[in-house]
Amino acid sequence: MKKILIKSIKGYQKGISPMFPPTCRYYPTCSSYTIEAIERHGSLKGTVMGTARILRCHPFVRGGYDPVPTKFTLKRNQKKNNRD
């Protein structure tokens, strides 16, 4: 299941994402974040974390550096390592 999810995200990154201008508010991008979350936390938890990250991405958020946490959580990583 992990491989299928990761391949579909990579397909999005190579096939669909280049057709749109970059609008990422976070680093790493939501798709890269989701891939790393799936690899680190498994298919279900990683997908949930990636979905929560996408839902946090809106015009009113500051954005910045938000790496995948080592423990499962749906909150933004609270480390003060923002890229500004």
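Student: How many positive and how many negative side chains does the protein chain have?

Tutor: In this predicted model, the centres of the two charged sets lie 4 Å apart. The sets themselves comprise 17 positive and 4 negative side chains.

Student: How many salt bridges does a search of the whole structure find?

Tutor: A salt bridge requires a side-chain nitrogen of Lys or Arg within 4 Å of a carboxyl oxygen of Asp or Glu. One of the pairs is Glu36 with Arg40, at 3.0 Å from N to O. The search of the whole structure finds three.

Student: By about how much of the helix are Glu36 and Arg40 separated?

Tutor: Both residues belong to helix 2, residues 30-41. Glu36 is partly exposed at 29% relative accessible area, and Arg40 is partly exposed at 41%. Being four residues apart in the helix, they are separated by about one helical turn.

Student: Is Asp66 buried or exposed?

Tutor: The side chain of Asp66 meets that of Arg53 in a salt bridge of 3.5 Å, N to O. Asp66 lies in the segment after strand 2 and Arg53 in helix 3, so the pair ties together parts 13 residues apart in sequence. Buried means under 20% relative accessible area. At 0% relative accessibility, Asp66 counts as buried.

Student: Which residues do salt bridges with shared partners join into one network?

Tutor: Asp66 also meets Arg56 in a salt bridge, at 2.9 Å from N to O. This pair links the segment after strand 2 to helix 3, 10 residues apart. Arg56 counts as buried at 16% relative accessibility. The network formed through shared partners joins Arg53, Arg56 and Asp66.

Methods. Residues numbered from 1 in each chain as written. Predicted model: local features only at pLDDT ≥ 70, side-chain atom pairs only at ≥ 80, totals over all residues. Heavy atoms only, no water. Lys, Arg positive; Asp, Glu negative; His and termini not counted. Charge placed at Lys NZ, Arg CZ, Asp CG, Glu CD. Helix = DSSP H or I, 4+ residues; strand = E, 2+ residues; numbered from the N terminus. Buried < 20%, exposed > 50% of the residue type's maximum accessible area, 1.4 Å probe, protein only.
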